[in-house]
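Colleague: I am new to reading structures and would like a close look at a single part, the place where two chains touch. Could you take me through that part slowly, and then show me how it fits into the rest?

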Amino acid sequence: MEYSVIKAEKLTKKFGGFIAADSLSFEVEQGEIFGFLGANGAGKTTAIRMLCGLSIPSSGKATVAGFDVYRQSEQIKKNISYMSQKFSLYEDLTVMENIRFFGGIYGLTDKQLKDKSDQLIAQLGLQTEVKKLVADLPLGWEQKLSFSVAVIHQPKIVFLDEPTGGVDPVTRRQFWELIYAAANDGMTIFVTTHYMDEAEYCKRISIMVDGKIAALDTPENLKKKFGATSMDQVFYQLARGAQRSDG
Amino acid sequence: MTNAGENLKEGSIQNPGTTVISSIVLLGLTKIYGKEKKVAVDSITLSVNKGELFGLIGPDGAGKTSLFRMLTTLLLPDAGTAAVGGFDIVRDYKQIRNTIGYMPGKFSLYQDLTVEENLRFFATIFNTTIEKNYEQIEEIYVQIEPFKNRRAGKLSGGMKQKLALCCALIHKPSVLFLDEPTTGVDPVSRKEFWDMLKRLKAQEITIMVSTPYMDEATLCDKVALIQNGKILSVNTPQGIVNSYPEKLYAIKSSNMYLLLQSLKKYESTIESYAFGEYAHATFRNDISDKNDLEYFLQKQGVEDIEMKPAAVTIEDSFIKLLKN
């Protein structure tokens, strides 16, 4: 059964007089791939930080995986994962050492760690690379490994902050296959991207402009609503008039 | 290594019967790093015409920055030669530095100088003044002029980018090298940046620009697709798209994940991959028997199937070339 794993109601963050995130209200269902778009400076990172329990909101309500962002940030952290574009595996550790390290941090038992690392290495086809330093892996593999390590403790929700920047188009799609598979298994994916074709892979998309959610719907409905043939055009129509856009 | 300047004088490499003048010429240019002999740039040969907007399209680690650093005389090649504006990149490095503008991928202006101080600094280095060449940068500079007393480090990403472009243009270069100017930039700012490039092109500046965004390829006169230090293809964007070997289809369903999985299992599928709201796929036998595919997909549980011929994009071509 589908239920909301993220609920935000008028979630707001102010820095002095500056309203970085302005009364955000939305829900994300379990197993949904939810695209969180916006121009640079629109307030995406601020919103994500609040949802991850890293930043206390100024006002409004939110629960993540059923936990309150004000009072239960530690429980939230145990149930989510966060991967940024430059999410760094330890480059001077080997593939296996990285898996052990992160698995250990997330509290996996030795038995779980062994099963999980075998499964993960087989899935990624990294059998011959386990003893290689991460620094020597091609970038695309490093990103796929990053994602797999980020979900090693099977979090309910994974936050991906521009996970595919600079990656070639084949690897970018392999990466999305991992995301699709994880969502298919019931994991909720909350993802930001500057690639508008990737926005189409999401079930629903929100677009932030100047700290507010300016639109939230399925890609298909958004295109209809804005009379656009691509998400690129939808985004452009919404973000073009932004006061806070990075220009 | 021979001096490319001797045989690659501006205009000496031409297509027979035309008067096209080459502004940048590379002959087997190669860069190898470290003890492990990692080949970053692998014997690249190409030429860029004067006044052309030339795109170097490829992912991180493809060799774009190494190539730029050799052409801007900041890195010595290990083999091959190249000339920029008729000057050899090794022997004539001083002349090249005077005639080119270079905007590196990483923001490299002085963060603790103001906008105006940075610009004045770069103008002075090239023995000129802001006032003398103001016309060259005016259109871009007016957008950041209201912040001319702000330190560069305090600017937003988009404004930093505009300042960096002004600093690269202030000495009126004839060739401009822009290394990933739009990486990490949102689609609106990216569009603005490309509009600026188009206007610069009108001033007959040769521009070599690199980007990981395939959709930007169509904005160039000519593009080179680069991966693992090698050029996969050099052509006009239309030429690259036209040389796509198969008929491409766009397919959609209410369950895209299942559709993608199923397409991979279909026996005459050559390629299949997600492409925006559709999956793109090519087939071995031109699937004149479209019903067979639909029947197969339905058997896999794929519902609401929509299928149509698709227009090939640069990204499709790149995927094809990467997989070969």
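**The side of chain A that touches chain B**

Modeller: In this predicted model, 28 residues of chain A are in contact with 29 residues of chain B. On the side of chain A that touches chain B, at least two residues each come from helix H6 (169-184), helix H7 (196-199) and helix H9 (231-239) of chain A. The largest share, 6 residues, is supplied by H6(A). Sorted by class, this side of chain A is made up of 13 nonpolar, 8 polar and 7 charged residues.

The axes of H6(A) and helix H5 (residues 139-150) of chain A come within 10 Å and cross at roughly 10°. Angles under 35 degrees count as roughly parallel, and H5(A) and H6(A) are therefore roughly parallel to each other. On the H5(A) side the contact is made by A:Gly140, A:Gln143, A:Lys144 and A:Phe147, while H6(A) brings A:Thr171, A:Gln174, A:Phe175 and A:Leu178. By class, 3 nonpolar, 4 polar and 1 charged residues take part in this contact of H5(A) with H6(A).

Stepping back to the whole of chain A, you will find 9 helices and 10 strands. The C-alpha trace of chain A spans about 50 × 40 × 40 Å along its principal axes. For 247 residues a compact globule would have a radius of gyration near 18 Å, and the 18 Å of chain A agrees with this. Of these 247 residues, 45% count as buried. If you consider the contacts in chain A with a separation of 6 or more, 68% of them are accounted for by residues 24 or more positions apart.

B:Lys172, although not a glycine, has a positive phi of about 55°, and its place is in the loop between helix H6 (157-169) and strand S7 (175-179) of chain B. B:Lys172 counts as partly exposed because it has 16 C-beta neighbours inside 10 Å. B:Glu204, which is not a glycine either, has a positive phi of about 65° and lies in the loop between helix H7 (187-201) and strand S8 (206-211) of chain B. With 11 C-beta neighbours inside 10 Å, B:Glu204 counts as exposed, because the cut-off for exposed is 12 or fewer.

How values were computed:
Residues numbered from 1 in each chain as written. Chains lettered and ligands numbered in written order. Predicted model: local features only at pLDDT ≥ 70, side-chain atom pairs only at ≥ 80, totals over all residues. Helix = DSSP H or I, 4+ residues; strand = E, 2+ residues; numbered from the N terminus. Rg over C-alpha atoms; globule rule 2.2 N^0.38 Å. Buried ≥ 20, exposed ≤ 12 C-beta atoms within 10 Å, placed from the backbone. Contact = placed C-beta atoms within 7 Å. Nonpolar A, V, L, I, M, F, W, Y, C, P; charged D, E, K, R; others polar. Axes fitted to C-alpha atoms, helices over the stretch in contact; angles between N-to-C directions. Parallel < 35°, antiparallel > 145°, perpendicular 65-115°, else oblique.
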